[in-house]
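Here's a quick briefing to read alongside the viewer. Take a look at the model first, then go through the notes by topic.

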Amino acid sequence: ISFGEIIHPGDRQRVWDEVEHKLLTKAPYPLTYRIITANGAIKWVWEQAIGIFNEQGELAFVEGFITDITEQKKAEKALKDKNELLRTILDNMPFPMFYKDLLGRVLGCNKAFCDYLGKPFEMIVGRTAWELIPSMKALFIEEVDKQVLSTLSDFRKEEQLVFPDGRVIDTVYQKSLFFDADAIPQGYIGLYFDITERIKAEKIIKKQVEDLE
């Protein structure tokens, strides 16, 4: 049978177009696509090939190799699904949260943190505090990072957050380390727990006590 017959119908036209283009330019081509095996199973393969031409410049045959990458694709999908679940969980948290590596580069954050900075996710990930917030606050965050890493302990501080739309909330800012499977620090997790209602209640209680006195 023609090899093209075992290529998954959903990939067949794309593979044909890419191969045709590369053969016309006489360039080697890598391809990733699905095939259907004799027992009906779907497998992912990676192909690296090149056209071999005769002295008249005519295509004689195609030479290359094909590797089964099904397990790699399954692992990639599992990781993608896991990351999507993590992102969904984070975005449903009502308070700002981020995590970054030991060099201070943001690896991820939730929607509430994007709202606090007034920047889209794509403009936050990969950047450091020095690129995202005023220098004085960035310096404070850098000092906190050093303290957390050197003591291997959490940092907590009450802090007011001012959003770009003028909204102000009272928070408890907590920073902790996260570790790999060998208990080696990999980065920091920062959370801003909203305590606005608690602060309001404390002020009301304080006023009531003063009135009673």
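Predicted model: local features only at pLDDT ≥ 70, side-chain atom pairs only at ≥ 80, totals over all residues.

Two residues are in contact here when they have heavy atoms within 4.5 Å of each other. Keep that in mind for Gln174, which, leaving aside its neighbours within four places in sequence, touches Asp154, Phe155, Arg156, Ile189, Gly190, Leu191 and Phe193.

**Overall layout**

- Along its principal axes, the C-alpha trace covers about 100 × 40 × 35 Å.

**Surface, contacts and charge**

- Buried residues make up 30% of the 213 in the chain.
- The chain exposes about 14000 Å², and 59% of that comes from carbon and sulfur atoms.
- Take the contacts in the chain with a separation of 6 or more: 36% of them are between residues 24 or more positions apart.
- There are 28 positive and 35 negative charges in the chain, and their mean positions sit 3 Å apart.

**Strand E8 and its partners**

- Strand E8 covers residues 185-194 and runs antiparallel to strand E4 (residues 97-101), with five bridges joining the two.
- Lys100 has Tyr188 as its bridge partner in E8.
- E8 also runs antiparallel to strand E7 (residues 168-179), and here nine bridges join the pair.
- E7 and E8 make a hairpin with five residues between them. In the turn, Ala183 has a positive phi of about 65 degrees.

**Zooming in on Gln174**

- Which strand holds Gln174? Gln174 is in E7, and its bridge partner in E8 is Leu191.
- Leu191 also turns up in the contact list of Gln174, along with others including Ile189, Gly190 and Phe193.
- Is Gln174 buried or exposed? The cut-off for buried is under 20% relative accessible area, and Gln174 comes in at 13% relative accessibility, so it counts as buried.
- Met97 is 77 residues away from Gln174 along the chain, yet their C-alpha atoms are separated by 9.7 Å.

Key:
Residues numbered from 1 in each chain as written. Heavy atoms only, no water. Pairing = 2+ DSSP bridges. Helix = DSSP H or I, 4+ residues; strand = E, 2+ residues; numbered from the N terminus. Buried < 20%, exposed > 50% of the residue type's maximum accessible area, 1.4 Å probe, protein only. Areas by Shrake-Rupley, 256 points an atom, 1.4 Å probe, with all protein chains shown as cover. Lys, Arg positive; Asp, Glu negative; His and termini not counted. Charge placed at Lys NZ, Arg CZ, Asp CG, Glu CD.
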